[in-house]
Amino acid sequence: MNAIYLWITTAVTAAVAVNTLLRLWRDRDRLWRDDLRDEDRAFAWRIVIFLIFPILTLVDLRSTLVVCQWLGGFVKSWSYGLFWYHAEPCGLSSGGALIAVLFAGAFVQGALALSLVPSLLFRPHPFLATIIGYTVVFILGVNLVGDPLLSLTGLGGSRWELFLAAASPSQRVCVFGVYGLSSLLYLLAVSNQRLRLWFAMLARPLAAEDLRGALIQWRSDPDNPYLACRLGIAYERAGLRRQAKSRLKKLQTAIPRSIYTSFLEAVLSYRRRDYKRARQAFLITSDYPYVDGALKASLLAAAGCAAFAEADLQGALNLSERALEFDDASLVARMVKVDVFLRMGKKEQAGDEILCAIRRGLDLDIEDKIPLDTERTLLKISRLQAAERKSLHALSRL
């Protein structure tokens, strides 16, 4: 039964790998731009998992076969299934030789992954840098963390079972010590914020440059909620999610009822696909007293995007209608209505919304505007709040 599952996995993996190759050729021009989107980075993960990892698994198998022959043994039988392989080494003279054979492939994979790191010093194209970085992290993670943990549950193959059966107590201590230290160094490296920021400068140069500017501005006035909110969004765009979440928590502690706090929570929740919380936070932000007109429309349209992503079609339609009441030129609100009508099978109504947008001269390009233009919206909030303060100050003088 296990063999059936393994070969089914192989067939599915092969199908996805072929589809990935076709997409890589079809979308080759889109991948060479400097500003990669989230779907581009997701596609980079797909390349690493379904194209690069099967090749390195084959390298693992080949290394096992070669080392076994070098040490005077032979492989009784072997099989390869893209994501996995099985080999039965026999005829080895000692337990130490068997351990060398069992871990030869993992050692070669790790060495190949680490050999890719120096290439990042030459600042390759962002998409290539992303693939290299993801490959290093994934391969080391699988060998140092994933494989040992899966073996504890019985799903990691026979490598560790054979090792425990053949190794002496001193050999176990040695191997476990090397793996433990290597795993600790790996976890410290992937969680190090300086390394993550350095990688962000390679894989997301525009976002990293924006983060650098946001940091400089925030350090000049760390108590400014607008700059703190902008810094949190910049952290999120650069892929430093832990810092973004930390910035949100600090705002929630210092000024929990501020519009900047609710707006940052909405943006972070949407980017992390917590659409229910994002919808609620966008609605809270839109309900602040001085929010009106185009700003309120953009926030309601963003809430509509979250509702649509949450599969609440009627809620998305209602929020889009509310947004258009405040700004009839809200492109995001109209596109949400188009998506809702298409999902409902109402193609005529969807066509009418598109024609309505064209008649108003709206640019139908919504790239970087879903669920809303973050920078523009944050700047509007800052200006409206500044105007509100001036009005209150003028009233107090009267």
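## Two loops with positive phi

R123 sits in the loop between α3 (95–115) and α4 (126–152). Note that this is a predicted model. R123 is not a glycine, yet its phi is positive, at about 50°. Most residues other than glycine have a negative phi.

L82 is another case. This residue lies in the loop between β1 and β2. L82 is not a glycine either, and its phi is positive, at about 70°.

## The hairpin around L82

What do β1 and β2 form? They form a hairpin, with 4 residues between the strands. L82 belongs to the turn.

Strand β1 covers residues 74–80, and strand β2 covers residues 85–90. The two strands pair in the antiparallel sense, over 5 bridges. Take V75 as an example: its bridge partner in β2 is P89.

## V67 in helix α2

V67 belongs to helix α2, which spans residues 38–70. Is V67 buried or exposed? Its relative accessibility is 17%. The cut-off for buried is under 20%, so V67 counts as buried.

Which residues does V67 touch, leaving aside its neighbours within four places in sequence? The contacts are A100, V101 and A104. D223 is another matter. V67 and D223 are 156 residues apart along the chain. Their C-alpha atoms are separated by 61 Å.

## One buried face on helix α5

Helix α5 runs over residues 159–166. Its buried residues are R159, W160 and F163. Seen down the axis of α5, these buried residues fall within an arc of 85°, so they line one face of the helix.

An α-helix has 3.6 residues a turn, so residues three or four places apart point the same way. The other side of α5 has exposed residues: E161 and A165.

## Where α7 meets α8

Helix α7 (residues 193–203) and helix α8 (residues 205–220) have axes that come within 5 Å. The axes cross at roughly 125°.

Which residues make the contact? From α7 come L197, A200, M201, L202 and A203. From α8 come P205, A208, L211 and R212. The residues of this contact divide into 8 nonpolar, no polar and 1 charged.

Key. Residues numbered from 1 in each chain as written. Predicted model: local features only at pLDDT ≥ 70, side-chain atom pairs only at ≥ 80, totals over all residues. Heavy atoms only, no water. Buried < 20%, exposed > 50% of the residue type's maximum accessible area, 1.4 Å probe, protein only. Contact = heavy atoms within 4.5 Å. Axes fitted to C-alpha atoms, helices over the stretch in contact; angles between N-to-C directions. Nonpolar A, V, L, I, M, F, W, Y, C, P; charged D, E, K, R; others polar. Pairing = 2+ DSSP bridges. Arc of directions from axis to C-beta.
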